[in-house]
Amino acid sequence: MISSKQRSVRMAHIDKAKIIDDIRKKQTHVGVIGLGYVGLPLAVEFARAGFRVTGFDIQQSKVDAINQGRNYIADVADDVLANLVRQQVLVASSDFSLLSAQDAISICVPTPLSKTGDPDLSYILNAQQEVKKYLRPGQMIVLESTTYPGTTEEVMLPELQEGGLVVGKDFFLAFSPERIDPGNKKFGTGNTPKVIGGVTPACTEVVAALYSGVIEKVVPVSSTRAAEMVKLLENTFRSINIGLVNELAIICNLLKIDIWEVIDAAATKPFGYMPFYPGPGLGGHCIPIDPSYLSWKLRTLNYRTRFIELAVDINMGMPAYVVQKVADALNSFGKCVRDAKILILGISYKRDIDDVRESPAFDIIRHLREKGGHVSYHDPYVPELSFDGITLKSEPLSRELLSRLDCAVIVTDHSNVDYAFVVKHCPLIVDSRNATRHLQPTPKHIVKL
Ligand SMILES: NC(=O)c1ccc[n+]([C@@H]2O[C@H](COP(=O)([O-])OP(=O)(O)OC[C@H]3O[C@@H](n4cnc5c(N)ncnc54)[C@H](O)[C@@H]3O)[C@@H](O)[C@H]2O)c1
């Protein structure tokens, strides 16, 4: 039922031109729900552009950190965050009643997979409940979390309209996929084009006006479903191409051809080719997960996404492939994994960041431990690691440590690791990232993917 407060404001008619004018004058209050890798940089970008921003999170430690001006996301500059908090243009809260004071609300909560590999929308549903509770006429709601096509209109819209407010007239709803690339020094939230698809043209128009205030280029599309699909196309494209090149690495290995040399030579073609590189498996909160959102949706329509599933299979097999390489390499030195001292170099899922979510390093460590290996690790970005009931600490990369090892496995090629030093002092190296490419010809104690 529509409340009397909602009705009286609605009677005053939502003036779209006034909303857009408020955006231009930076009088729009912006709320960001979920202050993680995506939400905090977005909140900072809005605040830097002159909007008043309130960030919401269920983790009190993040709320407290922000309100004390303490940054915890590597892509955000510490002094920028501290200044915005000092100027009181950026505040954080776990009190969701403050949502009613926001004119625009961007939702940046996690979208993981459940234990059975299906989409877990519980974070979106929880955030949506809070938004629904405080929804008032004139508000813009933007879902940014990656999800399957249909989520915004099939899951969010009916709930938000339940109170009687009408989308496109009383409030505005859009999907706009987040495209951040953690650790990317060239492209951040502000200069990465932003795709926006509203439920109605008016939704697209006001949300595009809002994001134009902080992002260099916005790209409107005709619907929320198209915007949702854009993100899945981008990430499925990566997953499938990485799957292809991972399989080519296995093929080249059987044919005794150096896959890295082949890729570098192919990449000299100035058209129609884009290099992808093999590795120990996929990681992060996007590429290993998002294509499964699409597969799941299509299963509900009795369609099997064969390309996607094949790539997932190949990519998920890579940690075991690396472990086999380690076992074979040790074997060629007359050793076995049992009781071998093995150092994992790099735990985070990609170079020069601290994000360990879904990192293939976990599976590699797990398999090696199951085979009786003594596994330690070094990662300048990950001082401590707890999983499967064990806690490990990053070992300092000393000559003593390296020379005591039976094998080091390069899982993530951080640029602040001295690989020449590793190669000099370690008796055996399995390099799954071609981090030792500078050494030509490849020394006999280095095994590549
Ligand atoms: N990390 C990336 O590189 C990346 C890139 C593009 C898209 N995405 C997508 O963006 C979304 C967010 O990812 P992320 O990496 O920022 O996740 P994250 O885990 O870093 O951050 C999410 C935050 O949301 C908070 N949260 C959870 N439920 C909440 C609720 N009900 N109310 C308020 N806060 C809540 C969590 O406490 C956490 O701080 C996901 O859908 C992800 O797929 C991530």
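How many bridges join strand 11 to strand 12, and do the two run parallel or antiparallel? In this predicted model, four bridges join strand 11 (residues 384-387) to strand 12, and the two strands run antiparallel.

**Figure 1. The hairpin of strand 11 and strand 12.** Two residues lie between the strands of this hairpin. Asp 388 takes a positive phi near 50° there. Across the pair, Phe 387 stands opposite Ile 390 of strand 12. Strand 12 covers residues 390-393, and its side chains alternate. Ile 390 and Leu 392 point to one face and are buried.

Figure 2. The ligand is surrounded by 28 residues, and the closest are Val 38, Asp 57, Lys 62, Thr 111 and Arg 357. By class, this shell holds 15 nonpolar, eight polar and five charged residues. Helix 6 (residues 122-134) gives the most to the shell, with three residues.

Figure 3. In the side chain of Lys 62, an N or O atom is 2.7 Å from an oxygen atom of the ligand. Backbone atoms also take part: an N or O atom of the Thr 146 backbone lies 3.0 Å from a ligand oxygen. For Val 109, the distance from a backbone N or O atom to an oxygen atom of the ligand is 3.5 Å. The ligand taken alone exposes 820 Å², of which the protein buries 95%.

Figure 4. Lys 194 stands opposite Val 218 of strand 8.

Figure 5. The order here is 10-9-13-14-15, with parallel pairing. Strand 10 (374-378) and strand 15 (446-448) are at the edges, and because each has a single partner strand, one side of each is left without a neighbour in the sheet. From one strand to the next, the twist averages 20°. Three bridges join strand 14 (residues 429-431) to strand 15, and the two run parallel. Ile 429 has Ile 446 of strand 15 as its bridge partner.

**Figure 6. The cis peptide bond between Gln 440 and Pro 441.** The bond that joins Gln 440 and Pro 441 is cis, with omega at about -10°. Pro 441 lies in the loop between strand 14 and strand 15.

**Figure 7. Two loop residues with positive phi.** Lys 256 is a residue other than glycine, yet its phi is positive, near 55°. Lys 256 lies in the loop between helix 9 (224-255) and helix 10 (259-266). With a relative accessible area of 76%, Lys 256 is exposed. Asn 302, which is not a glycine, has a positive phi of about 60°. The loop that holds Asn 302 runs between helix 11 (290-299) and helix 12. Asn 302 is exposed, and its relative accessible area is 76%.

Figure 8. Arg 338 is placed in the loop between helix 12 (306-332) and strand 9 (341-345). Is Arg 338 buried or exposed? The relative accessible area of Arg 338 is 54%, over the 50% cut-off, so Arg 338 counts as exposed. Arg 338 and Glu 370 are 32 residues apart along the chain, and their C-alpha atoms are separated by 8.9 Å.

Terms used. Residues numbered from 1 in each chain as written. Predicted model: local features only at pLDDT ≥ 70, side-chain atom pairs only at ≥ 80, totals over all residues. Heavy atoms only, no water. Near = heavy atom within 4 Å. Polar contact = N/O pair within 3.5 Å; in protein donor to acceptor, adjacent residues only side chain to side chain. Areas by Shrake-Rupley, 256 points an atom, 1.4 Å probe, with all protein chains shown as cover. Nonpolar A, V, L, I, M, F, W, Y, C, P; charged D, E, K, R; others polar. Buried < 20%, exposed > 50% of the residue type's maximum accessible area, 1.4 Å probe, protein only. Pairing = 2+ DSSP bridges. Axes fitted to C-alpha atoms, helices over the stretch in contact; angles between N-to-C directions.
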